[in-house]
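I opened the model to look up a few things and kept notes as I went. The entries follow in the order I made them.

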Amino acid sequence: MLVLVAPGQGAQTPGFLTPWLDLPGVRGALEAWSDAVELDLIRYGTEGDADEIRDTAVAQPLLVAAGLTSAYTLFDDPAQLPLKVGAVAGHSVGELTAAALAGVLPDEEAVRLVRVRGLAMAEATAATATGMSALLGGDPEVTIPHLEKLGLTPANVNGGGQVVAAGTLEELAALEADKPEGVRRVVALKVAGAFHTHHMASAVDTLARAAAELSPADPTLTYVSNKDGQAVTAGSEVLARLVGQVANPVRWDLCMETFKELGVTALLEVCPGGTLTGLAKRALPGVKTLALKTPDDLDAARELIAEHASA
């Protein structure tokens, strides 16, 4: 059984879309989506520097567009995807990619919605000076209560002991001075604010208004949600979770537990792959993994699909 996963913000690097533009259909799709969201995805994905593509309002639609185009290049016909892929999931904004791949939203609607999401989250970060920090080492059962004592949110619980804290800059400074038992280092992340916390409440309201205009379909394959790692079968519930997830922690650890329960034998991460593949290597021993980084990875990815395609 194969699971297709999509990375979240931070996976993008300058120029990462450049080699994909030579493939049939990619440039046309990116141009259409660029027009739809009034954002030059091709320029940002090929010429944008690190600071430009770190901007939340740019990074999020760029990641969803990259994930969709890379996934569709794997199949001669996109209609094959639900026949060969057993499950989909995405980390944070990658959930929008997964929702489109599962047929919950048409591609253009997903890209439009993620543009609203990115703009709303960027606006929310301007209200209060907030940030996120990764904790290296430690046991989540010890770490998480310690974070909550300091007023911080465990915004990402990624499995393999990896936890990311989010909150105000003052709260994060307190964490530096008072690390949980077993944590070796606290590393500030280069993000604009405290994503997946109550600091994003205004973005939830904005996204909810945009989502109310959509008519989601039920997933055509198993869709695993960041909220609690559960498989969601109703399109309306997927959309509701996509909205609420902006201000709720990402439980990627629970998603990987569900992959185990589903009997997943291979995990394929769409472009710009690498982060989720690394987590899977630690948390899912015995599961084959592959990250789509450039078109050079396509042949190996197709071999993985042929070997592990769902019956």
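**Salt bridges**

I began with Arg251, which is partly exposed at a relative accessible area of 26% (buried is under 20%, exposed over 50%, partly exposed in between, with a 1.4 Å probe and protein chains only). I note that this is a predicted model, in which local features need pLDDT of at least 70 and side-chain atom pairs pLDDT 80 or more, while totals for chains, interfaces and linings use all residues. Residues are numbered from 1 along each chain as its sequence is written, and side-chain values use heavy atoms, without hydrogens and water.

I found Arg251 in a salt bridge with Asp253, with the closest N and O atoms 2.7 Å apart (the criterion is a side-chain nitrogen of Lys or Arg within 4 Å of a carboxyl oxygen of Asp or Glu). Asp253 is buried, at 17%.

I searched the whole structure and got nine salt bridges. One of them joins Arg112 to Glu108 at 3.0 Å between the closest N and O atoms. The two are four residues apart in helix H7 (residues 107-125), so about one helical turn separates them (helices are DSSP runs of H or I, at least four residues, and strands are runs of E, at least two, numbered from the N terminus). I read Arg112 as partly exposed at 41% and Glu108 as partly exposed at 35%.

I also looked up Glu307 and Lys288, whose side chains form a salt bridge at 3.1 Å, N to O. This pair links distant parts of the chain, 19 residues apart: Glu307 lies in helix H14 (residues 298-308) and Lys288 in strand S10 (residues 288-291). Glu307 is exposed at 51%, and Lys288 is partly exposed at 40%.

**Helix H4**

I checked the length of H4 (residues 56-72): its 17 residues should span 24 Å, and the end C-alpha atoms are 25 Å apart, which agrees (expected span is 1.5 Å times one less than the number of residues). Of the 17 residues, 16 are buried, so H4 is largely enclosed by the rest of the structure.

**Sheet**

I listed four strands in an open antiparallel sheet, ordered S4-S5-S3-S6 (strands pair if DSSP finds at least two bridges between them). The edge strands, S4 (153-159) and S6 (183-188), each pair on one side only. S3 (residues 130-137) and S5 (residues 162-168) pair over six bridges, and Ser133 stands opposite Ala165 in S5.
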